[in-house]
Amino acid sequence: LSQVLAPCPLTEEVLKEGLSLLCKTGNGLAHAYVKFEAKYKDLTDISLLKCFIHLRYVDLSENKLQDLSPLSSLTHLLWLKVDGNLLTSACMQELPYLQIISFAHNRIKDMEGITHPRLANLSLKGNKIQTALGLSHGQLFSLQILELRGNMLESTAGLNLPKLKNLYLAQNAIRSLEGLEGLGQLTTLHLRDNHLETLDGFCSSMKCLQYLNLRNNGISSLQEVAKLQVLPMLQALVLLDNPCSDEPNYRLEVLVLLPHLQRLDKELFEQDERAEANKICQKRQEEEK
């Protein structure tokens, strides 16, 4: 249901106030303002921006926008921030140079129609997204940072982005890890405050993953932690506030399973812990013979 809002279009006056950063344009002979900021203005309509085709940086946070279509003529746009509006979709005309977008704290329900080929950093924090299926991985070849904290995702299916380095999925409702095999460049994965009970879904193709935060999930057995042995580069793991972190000798048992780990729950492993874990490991191997 679209809210019926008192119309509050962008005026010439607010426009003049918000323009800054005078730069040379294409041919180097003319000058134009390339930055525009209008926050907390209750704006419902930004049609006036259509003519400002030289804008590169636009911040329209904390307004009442439901429609970004006037931005489709801003083909030089590099950076866009529209946090705290009333947007229900992130769908926009493809912009060739757009590198950073933040749509945090809107009412966006899906990830369809985000197709900017140079987009490197995308935030959809604090929206109402239930699935990542519909993400245009065919077009997002440059995406390196994806922030989806505080949504309603139940699975990771659809997040198959080849260049992704940092993925933030804390505070969702994720029960299953799927489709992670394409994340060959991922170094950091945040899954804090979700509903994971098993750790199926990690795979050896995730050869760059170094930091994994699983704090406050439902992982009750250290047998699940053993499934992280497929991650060749894992160096830091957070398991606090999972039932398995109450097991006796929890730190040692994790180190026995994952001898390459450098730190657990922010604490570095000491030499004596390593020696102890080694002993346990050897002893168990001998018992198995």
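Modeller: In helix α4 of this predicted model, the buried residues are Glu273, Ala277 and Ile280. Seen down the axis of α4, these buried residues fall within an arc of 60°, so they line one face of the helix.

On the face of α4 turned away from the buried side lie the exposed residues Gln271, Asp272, Lys279, Lys283 and Glu286. The helix itself runs over residues 271–288, 18 residues in total. From its first C-alpha to its last, α4 reaches 26 Å, close to the 26 Å expected at 1.5 Å a residue.

The cysteines may be considered next. The structure holds zero disulfides. Cys281 is accordingly in no disulfide, and the nearest cysteine sulfur, that of Cys244, is 18 Å away. Because a disulfide requires sulfur atoms within 2.5 Å, that separation of 18 Å rules out a pairing of Cys281 with Cys244. Cys281 has a relative accessible area of 25% and is therefore partly exposed. Cys208 is likewise in no disulfide, with the sulfur of Cys203, the nearest from a cysteine, 12 Å away. Cys208 also counts as partly exposed, at 25% relative accessibility.

Of the 289 residues in the chain, 44% are buried. The accessible surface of the chain comes to about 14500 Å², and carbon and sulfur atoms contribute 50% of this area. Among contacts in the chain with a separation of 6 or more, 30% join residues 24 or more positions apart.

Lys165 lies in the loop between β7 (145–147) and β8 (166–168), and its relative accessible area of 30% makes Lys165 partly exposed. Leaving aside neighbours within four places in sequence, Lys165 is in contact with Gln144, Gln185, Leu186, Thr187 and Thr188. The C-alpha atom of Lys165 is separated by 40 Å from that of Thr11, a residue 154 positions away along the chain.

Definitions and conventions: Residues numbered from 1 in each chain as written. Predicted model: local features only at pLDDT ≥ 70, side-chain atom pairs only at ≥ 80, totals over all residues. Heavy atoms only, no water. Helix = DSSP H or I, 4+ residues; strand = E, 2+ residues; numbered from the N terminus. Buried < 20%, exposed > 50% of the residue type's maximum accessible area, 1.4 Å probe, protein only. Contact = heavy atoms within 4.5 Å. Expected span 1.5 Å × (residues − 1). Arc of directions from axis to C-beta. Areas by Shrake-Rupley, 256 points an atom, 1.4 Å probe, with all protein chains shown as cover.
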